[in-house]
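Here's a quick briefing to read with the model open in your viewer.

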Amino acid sequence: MSANDNHSRTAREAQQQKEARRSNIMYAVIAILFALLVVAVLVWKSNIIQKNATAATLYTQLTSAEDPAASGSSSAEKTVLADVKAPQLNYYFVNIYQNFVQQNSAYISYMGLDTSKDLRSQPYPGDETQTWFDYFVGQAIDQMSAIYALNDKAEEEGYVWNDAMQAEFDSNNESLESTATASNLSVVKYLQKIYGATMSRSVYEAEMKRVILASDFSKSHNDGLTYTDEELEAEYAANRNSYDVVDYQSVRISGAADATTDADGNSVDPTEEESAAALKAAKQSADELYAGFKSGKSMSDLSKDNDKMSYTNGEAGSYSSGVLMDWLFDSGRQAGDSAVLADEDNSAYYVVSFGKRYRQDYKTVNVRHILLQPEVGKIAQGEDGYDEEQAKLKEDAKAKAEDLLAQWTAGAATEDSFAELAKENSVDGGSQANGGLYEQVYQGQMVPTFNDWCFDSSRKAGDTGVVETDYGYHIMYFVGENLPYWQVQADSALRNQDFGTWYDGVIAGYTGEAASGVKYVSAS
C-alpha cells in the first residue's frame, strides 16, 4: 500500500470519527431535550405551574384621611397585600358563581348566561368590554379583598379564633368528608371536582378559615350595636312613613283600551283616539262609583263583576311611592277622607277611602319549634292508594310529634330541654342548630296556622302545642314577647345604617386586580 493510500485512509477515518462525534453530540442534545420535555409535561400535569401562578394581586391603598397629601390624587400609594394564587381565587370564584346560578336559576337564561358554555366566550350584558368570566372574577376579587380587610381589622382589634369558629370549621369539614365519601371520592379529588384541578385541602381550609373569621367578627360587631328608646323614637319621628301603616279601601279602574285583532288574527294596538276614549270612560266610571260610595253603598259591591275594576280592602298597608300611597300618607289625612285620583302614568283612576294611620305597637314574639315532616311515600301521585298512603304518613308524623311533646313533658320540661330536643329532631334548617329558636317574629312572617298560634291573645310563656302546616307538624314552645314591631324595624334600620358605615370604613382602601394566572381559574 502506497503512502498516498495510507494518507487517504487516515483522512477518511478522521472524517468518520468527526461525523460520529457530531452524531453523538446531536443524539445527546436530542436526549436532553426529550428529557426536558418529559419533565415539563410531568410538571404541567402536576399543576405546579397553575397552582403557583399569581391570578390576582390584592392591595391596600392610603386614603386621604391617612395621607392628606394624597387627597384628590388618583395616584395614591398602593401597597401589595397579597399575591393571590389561582386555587385561592378559584375558591371565591366558584362559590360566587355557584351561588349566583342557584339564586337566579329560574330566569338565568334571560340574563344572557349559558351555564353549559365557557364563561370566557359569553359577553356580559350591557358591557361589551367584559365577559361573564370577567364579571365573576371581579366579584371574587372584591369579596376576597373584603375578607382580607376584615381579617386585618380583627387582628388589629385582638379578635382571635374562638371555640365557636372552630366548631363551625370542624362541622364544615365533617360535611365535606361525608359528601366526598358519598361521591366515592377522596376529599382532595372532591375539592378538585368542585374547585378545579389546582385546589388542595390546605388552600381550601385556609380560605375557609378567613371567611369564618370575617363572618364571626362582623356578626360580633353587628350584635354589639345597641340603641336606646330615645334613639328609636328619634328614628321613628324622622321617618314616619317607613314605620306607619294605613287601613283603607280602594278601587282601581283601568283606563286602558282593549286591543283588537285584524282579519288575520294579529293583535292591533289601540289608536290614540281609542286610548283617549277608554281613559275618559274610566274617569266617568270612577265618578259614578264615587257618587255611589258617598251615598252609602259598598265600594266592594259597586265594583263587583266589572273586569275593569279591582277592589282592595287594605289593612296595615305600607308606604310606597305612588299617587295612591302619597294621598293616604299625607300628614293632613283624616279618617273618612275619600277621593278620586288619577294614576301617575295616566292609565287608570282610583276611588279611595281612608280609614286610619297608625304605628304597629304590638309585641313581636320569641318562639321555639320542632319541625317533623311525613316520610316520603312509595305510591306516586295519581296512582291507586296514593291518598290513603299520604293520610297514613301524616298520621304517623303527627303521632311522632305528640310522642316527642309527651317525652319533653315527662322530663325536665324546660326551655333548655326543648331546645336540645329540637337540635336532635327538627328538620328545619333555619332554626335546628339553635334549638328551634325564632326571635322577634312579627305578624304575617310565618305561615297562617303557625302565625295564629303565636299571636293567639291567650298565649303565655311556656305554652306548648302541635301545629300543622304545609311543611309538616310543628311542636311549639312559646318563649315570650319581645320588642314592639315598630321598634324592631327602627332598630334594624339604625343597625343596617351603622353597620354599613363601619363595614365601608373597614374595607376602604382594599382593592385588587387580576393577573396573568387568572387564565387558570375556572368555574369547575
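A quick word on naming first: helices (H or I, at least four residues) and strands (E, at least two) are DSSP runs, numbered from the N terminus. With that in hand, glutamate 205 is found in helix H7, residues 201-223. Keep in mind that this is a predicted model.

**The chain overall**

- The protein chain comes to 16 helices and 15 strands.
- Of its 524 residues, 34% are buried.
- Take the contacts with a separation of 6 or more: residues 24 or more positions apart account for 69% of them.

**Around glutamate 205**

- Leaving out neighbours within four places in sequence, glutamate 205 is in contact with Phe169 and Asn173.
- The side chains of glutamate 205 and asparagine 173 are joined by a polar contact of 3.2 Å.
- These two residues are 32 residues apart along the chain, and their C-alpha atoms are separated by 8.5 Å.

**Aromatic pairs**

- A pair of aromatic rings is described by the distance of the centres and the angle of the planes.
- The count here comes to 30 aromatic pairs.
- One of them is phenylalanine 93 with phenylalanine 133, a tilted pair at 5.4 Å centre to centre and 50 degrees between the planes.
- Phenylalanine 93 lies in helix H3 (residues 86-103) and phenylalanine 133 in helix H4 (residues 132-156), so this pair ties together parts that are 40 residues apart in sequence.
- Both phenylalanine 93 and phenylalanine 133 are buried.
- Another pair, tryptophan 161 with phenylalanine 169, is edge-to-face, with 6.3 Å centre to centre and 80 degrees between the planes.
- Tryptophan 161 is partly exposed at a relative accessible area of 30%, whereas phenylalanine 169 counts as buried at 7%.
- Phe93 and Phe133 also belong to one aromatic cluster with Tyr97, Phe100, Tyr124, Trp132, Tyr135 and Phe136.

**Charges over rings**

- Arginine 359 lies over the face of tryptophan 486, 4.0 Å from the ring centre.
- The charged end of arginine 459 sits over the ring of tryptophan 453, at 4.0 Å from its centre.

**Nonpolar cores**

- In soluble globular proteins, nonpolar side chains tend to be buried together.
- The largest nonpolar core here has 52 residues, and Leu89, Phe93, Leu119, Phe136 and Tyr204 touch the most other members.
- Elements giving two or more residues to this core include strand E1 (54-61), strand E2 (78-85), H3, H4, helix H5 (163-182), H7 and helix H16 (485-507).
- H4 supplies the largest share of this core, 13 residues.
- Not counting residues up to four places away in sequence, phenylalanine 136 touches Phe93, Ile96, Tyr97, Phe100, Leu113 and Leu119.
- Apart from this core lies another one, of 13 residues, among them Ala401, Phe418, Leu421 and Ala422.

- Which residues of helix H14 (residues 415-425) are buried? They are Phe418, Ala419, Leu421 and Ala422.
- Seen down the axis of H14, these buried residues fall within an arc of 160 degrees, so they line one face of the helix.
- An α-helix has 3.6 residues a turn, so residues three or four places apart point the same way.
- Asp416 and Glu424, on the other side of H14, are exposed.
- The cover over the buried residues of H14 includes strand E11 (363-372), helix H13 (386-410) and strand E14 (472-484).

Technical notes: Residues are numbered from 1 along each chain as its sequence is written. This is a predicted model: local features need pLDDT of at least 70, side-chain atom pairs count only at pLDDT 80 or more; totals for chains, interfaces and linings use all residues. Side-chain values use heavy atoms; hydrogens and water are left out. Rings of Phe, Tyr and Trp (its six-membered ring) pair if their centres lie within 6.5 Å; planes under 30 degrees apart count as stacked, over 60 as edge-to-face and the rest as tilted. Buried means under 20% relative accessible area, exposed over 50%, partly exposed in between (1.4 Å probe, protein chains only). A charge sits over a ring if NZ of Lys or CZ of Arg is within 6 Å of the ring centre and within 35 degrees of the ring normal. The arc is that of the directions from the helix axis to the C-beta atoms. Contact means heavy atoms within 4.5 Å. A polar contact is a pair of N or O atoms within 3.5 Å; within protein, one must be able to donate a hydrogen and the other to accept it, and residues adjacent in sequence count only if both atoms are side-chain atoms. A nonpolar core is a set of buried Ala, Val, Leu, Ile, Met, Phe, Trp, Tyr and Cys residues joined through side-chain atoms within 4.5 Å.
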